[in-house]
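Dear colleague,

I am passing on the structure below, together with some notes on what turned up in it. Please read them with the structure open beside you.

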Amino acid sequence: MSEVCVRLAGEADRPVAERLWLMFCHDMSGFQGRLPNADGTFKSDRLHAAFTDPGHAPYLVTYGEHPVGLATVRGLDGPVRVLSGFFVVRGARRTGVGLRAVREVLARHPGAWEVAFQDVNATAVRFWRRVASEVAGEAWREEPRPVPDRPDLPPDLWISFTVPES
């Protein structure tokens, strides 16, 4: 596990991040009913914003020389940070890589956080509740919120918590 590295992604990392994003969107398509675009890609505005917009940040997760995940954050210039995307490839899941990666991303930006996930994704429900409990103890809350522009989908679950300064 000592080979896990979480780092801010730069422009040179964008092609790797785009491929990881494609895998992330493919995984999510089963829960959100989204289909690829005509060119085989998925909507990537959140990833693009992570690389270009103020208050956003993209993170790359590697295990040794292998890219195994990514995280996108928004709201760094506001009162609440939002983990707008988080993904770990299937081959690295259930190894502790995801928990370690998300802890590192959260610790870099202390303060109020929110994370959305789908109630039908039982693995995500367990993971994010564990993250919130480990980071904030019992001081976190969960609430359903409608998915923007998707009234056909059930609400997302949102977890809110505060990451203390270290």
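Helices (H or I, at least four residues) and strands (E, at least two) are DSSP runs, numbered from the N terminus.

This is a predicted model, in which local features need pLDDT of at least 70 and side-chain atom pairs count only at pLDDT 80 or more, while totals for chains, interfaces and linings use all residues. Residues are numbered from 1 along each chain as its sequence is written, and side-chain values use heavy atoms, with hydrogens and water left out.

Among the buried residues of H3 are Val102 and Val105, where buried means under 20% relative accessible area, exposed over 50% and partly exposed in between (1.4 Å probe, protein chains only). Leaving aside neighbours within four places in sequence, Val102 is in contact (heavy atoms within 4.5 Å) with Leu83, Phe86, Phe127, Trp128 and Val131.

Two of these partners, Phe86 and Trp128, form an edge-to-face pair, since their ring centres are 5.5 Å apart and their planes at 75°; rings of Phe, Tyr and Trp (its six-membered ring) pair if their centres lie within 6.5 Å, with planes under 30 degrees apart counted as stacked, over 60 as edge-to-face and the rest as tilted. Phe86 lies in strand E4 and Trp128 in helix H4, so the pair ties together parts that are 42 residues apart in sequence.
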